[in-house]
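Here is a short report to read alongside the sequence and the 3D view. Keep both open as you go.

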Amino acid sequence: MSVLTGSFNAGDHSVTDAARRRRFGPIYSRNVRAVVARGLMATKSSNWMVMVSGFFEPVLYLISMGVGLGAIVGSVQGPGGQEISYAAYIAPALLAVSAMNGAVYDSTWNVFFKMNFAKLYQGMLYTSLGPLDVAMGEIFLALLRGAMYATGFTAVMGVMGLITTPWAILMIPASVLIAFGFASFGMGITSFMKTFQQMDWINFVMLPMFLFSATFYPLSVYPQSIQWFIQAMPLWHGVELLRQISVGVFTPATAVHVGYYLIMIALGVLLTTSRLRKLFLK
Amino acid sequence: MRVSELASKESRVTNHSDATPQYVITAENLTKRYGDVTAVDSISFRVPAGEAFGLLGPNGAGKSTTMKMIGGVSQRTSGSLHIMGLDPEQHGPEVRAHLGVVPQQDNLDEELKVRDNLLVYGRYFGLPMSYLKPKADELLEFAQLTDKAKSKVDALSGGMKRRLTIARSLINEPRILLLDEPTTGLDPQARHILWDRLFRLKEQGVTLILTTHYMDEAEQLCDRLIVVDKGKIMAEGSPASLIREYSTREVLELRFGSERNASIGAELEGIGERLETLPDRVLIYAHDGEAALEQVTARGLRPVTSLVRRSSLEDVFLRLTGRSLVD
């Protein structure tokens, strides 16, 4: 049996090489791709149904609210002041919501389960992987999934005749930006969670954000103080950003929205990284 | 050529510290506290390359915590620890490149098939597919799981999962294998297969670090062991030397019926080297068990049953860690 003889030294040698290449502290080993490869393989063999359902959720909203409700509402005023159909008005908002939901699900519930029940990370961390490899790999997978959903949803918008400008293609990278913001923060927040009851608080924050972030009607319906509050929330910036892109209207506010997410990503990555030792290395 | 490569690696690795090179693990005053609880209380030990080293102790003795610190996934409170000359807290990924870990609970990737578990795990070490594919097949054969290669992990029996976990821990050809209660929950057949596999690895020069509370397992596998209780080392040595030191050559077990066991102690005074009265039986520790039994009958005592047996590690363990339940 050759496990007992021949290849032993050769294998040992390659292990040494691998170890020599990465001396980047105790939490990172530059091997994010192994975590990503694992995620893709797992998706292929078991999770693809979950993926498909995630794609249909915003599409169903768009059909019921946009087409159904839109028949009563008629046309509304878009970001540039032009008249657009109600479906075209809410479609980018739904895309932003779906980017948020997907990223939050992947970085909170999914991470919580893999950490506490499947013990997946426990096994990973007994290898050369550091916690930062694992975190970045999981965030990358969440973004990849988000990019696929965004592409699909944008295609549906195109088919429904809701796209009037080539700028709309930029909704896809913008969705990934939004997802990145939520995913990096979600993972940091999950590190504080101990029980399922605590995990429910996440939904408690997400549902009102979905309903009130100018998703289905303009912000101007609220009194000024509530407007300020909503403008401080991340989803509103995502909704406005995608809505502007969808009609190709760019203002200084566009830069503010993008900047909001860049700062959110930076803070989220900082939070997650600083929590990784607590999260994984007790 | 390969030998020289290994030799140069050895010197490179050990240059990092003053730890003596022939020891793959050196722990000094290693301590771990969780809040007020001291799980590991200033223990020191060294493990030379190629040894099978056992950590024995009741539940909560600090065995698993020690294992976690060796793997660099738990941070020590104080003391020093070097694995192949490196501090696992500073060089976690690098230390773990040389470790194989079999945790107490199987944590196989249930979303992947059996063979993919091995391949993906190897990727975590940054190993190339060209190496991993033949290696995975080899390990499946080693673990007697070749015909299960395409099965789901769910479909495996407890013993198969355990063997797969061990196969997985070998994917990087580790120099040190950490086994945390490797045979808990397995039937006798599965245990013996595992022991055989571990023995072969030891023959290859792999250092085995093993926790167990099966004394027969420790006697079978360990060259040397420490008995740990409440975070402290109670005794250290080979199984045979521990038996010599903490027990007698033989043990005479007598049963007088549960009512009389307690009161008979005084009448047995002076026979053998040590006497222990348990609710169901009386144990006399003696060099010669048969001779002790003759003395018992010579005093006119008639036990319901009597049994002379060799002293085992279990006697040592119970003497050192006590008979009361640990919760």
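In chain B, B:Phe53 has B:Arg224 as its bridge partner, and B:Arg224 belongs to strand β8(B). The model is predicted. Next comes B:Gly54. On one side, B:Gly54 stands opposite B:Leu225 in β8(B). B:Gly54 also stands opposite B:Leu210, which is in β7(B).

These residues lead us to strand β3 of chain B, residues 52-56. How many bridges join β3(B) to strand β7(B)? There are five, and the two strands run parallel. Strand β7(B) covers residues 207-212. Four bridges join β3(B) to β8(B), residues 224-229, and this pair is parallel too. Strands of a sheet pair through backbone hydrogen bonds, either parallel or antiparallel.

## Is the strand buried or exposed?

Take β3(B) residue by residue. Five of its five residues are buried, so the strand is largely enclosed by the rest of the structure. The cut-off for buried is 20 or more other C-beta atoms within 10 Å.

In a regular strand the side chains alternate between the two faces of the sheet.

## Chain B as a whole

Chain B holds 12 helices and 13 strands. Its C-alpha atoms fill a box of roughly 75 × 45 × 45 Å along the principal axes. Of its 327 residues, 47% count as buried. Consider the contacts in chain B between residues at least 6 apart in sequence: 68% of them join residues at least 24 apart.

One buried residue is B:Leu139, with 24 other C-beta atoms within 10 Å. B:Leu139 sits in helix α5(B), residues 129-142. B:Leu139 and B:Arg319 are 180 residues apart along the chain, and their C-alpha atoms are separated by 40 Å.

## Two residues with positive phi

Most residues other than glycine have a negative phi, and most peptide bonds are trans. B:Asn29 has a positive phi, near 50°. Where is B:Asn29 found? It is in strand β1(B), residues 23-34. B:Asn29 is partly exposed, with 13 other C-beta atoms within 10 Å.

B:Glu181 also has a positive phi, near 45°. This residue lies in the loop between β6(B) and α7(B), where α7(B) covers residues 188-203. With 19 C-beta neighbours inside 10 Å, B:Glu181 counts as partly exposed. The count needed for buried is 20 or more.

## Chain A and a helix pair

Now turn to chain A. It has 10 helices and two strands. Along the sequence, the pattern reads α-α-β-β-α-α-α-α-α-α-α-α. Buried residues make up 43% of its 282 residues. Among contacts in chain A between residues at least 6 apart in sequence, 79% join residues at least 24 apart.

Look at two of its helices, α3(A), residues 86-116, and α9(A), residues 234-247. They pack at an angle of about 135°, with their axes 8 Å apart. That angle makes α3(A) oblique to α9(A). Their crossing is right-handed. Which residues of the two helices meet? From α3(A) they include A:Ala91, A:Pro92, A:Leu95 and A:Met100. From α9(A) they include A:Leu235, A:Val239, A:Leu242 and A:Arg243. By class, the contact of α3(A) with α9(A) has 10 nonpolar, two polar and one charged residues.

Notes
Residues are numbered from 1 along each chain as its sequence is written. Chains are lettered from A and ligands numbered from 1 in the order in which they are written. This is a predicted model: local features need pLDDT of at least 70, side-chain atom pairs count only at pLDDT 80 or more; totals for chains, interfaces and linings use all residues. Axes are lines fitted to C-alpha atoms, for helices over the stretch in contact, and angles run from 0 to 180 degrees between N-to-C directions. Angles under 35 degrees count as roughly parallel, over 145 as roughly antiparallel, 65 to 115 as roughly perpendicular and the rest as oblique. A crossing is left-handed if the near helix is turned anticlockwise from the far one by less than a right angle, and right-handed if clockwise. Two residues are in contact if their C-beta atoms, placed from the backbone, lie within 7 Å. Ala, Val, Leu, Ile, Met, Phe, Trp, Tyr, Cys and Pro count as nonpolar, Asp, Glu, Lys and Arg as charged, and the others, Gly among them, as polar. A residue is buried if 20 or more other C-beta atoms lie within 10 Å of its own, exposed if 12 or fewer, and partly exposed in between; C-beta atoms are placed from the backbone. Two strands pair if DSSP finds at least two bridges between them.
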